[in-house]
Amino acid sequence: VEQQQTVLRCDDLACLTRRALADLNLGSEISVGPFTCVGQVLRHLQWHWAHHSAQINLLRKALGYEYEWTFH
């Protein structure tokens, strides 16, 4: 039975991710849509997150809030 972990901070998420991916070979071949290896999927997810983070912060700026783009 897997235990569910609660992630309260970005640091917790980073540690959880490092543990989950520690034994993963980024060159491992897979077939997920257009992706052929694990590294491509992870890079796409990273790009996707950065893209939407920028969109959200541009909306914040348009509404008069401070633009606070970070990569945490």
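A search of the whole structure finds 0 disulfides, a disulfide being a pair of cysteine sulfur atoms within 2.5 Å. Two cysteines may be considered here. Cys15 is partly exposed, at a relative accessible area of 36%, whereas Cys37 counts as buried, at 14%. In these terms, buried means under 20% relative accessible area, exposed means over 50%, and partly exposed lies in between (1.4 Å probe, protein chains only).

The model is a predicted one, in which local features need pLDDT of at least 70 and side-chain atom pairs count only at pLDDT 80 or more, while totals for chains, interfaces and linings use all residues. Residues are numbered from 1 along each chain as its sequence is written, and side-chain values use heavy atoms, with hydrogens and water left out.

The protein chain contains 2 helices and 2 strands, arranged along the sequence in the pattern α-β-β-α. Helices (H or I, at least four residues) and strands (E, at least two) are DSSP runs numbered from the N terminus. The mean pLDDT, the predictor's confidence in each residue from 0 to 100, is 80 for the protein chain, and 83% of the residues score at least 70. Confidence is lowest in helix H1 (residues 10–21), with a mean of 78, and highest in strand E2 (residues 35–37), at 90. Where pLDDT is low, the predicted coordinates should not be read in detail.

Of the 72 residues in the protein chain, 8% are buried. Among contacts (heavy atoms within 4.5 Å) between residues at least 6 apart in sequence, 4% join residues at least 24 apart.

Leu42 is located in helix H2 (residues 38–62) and is partly exposed, with a relative accessible area of 30%.
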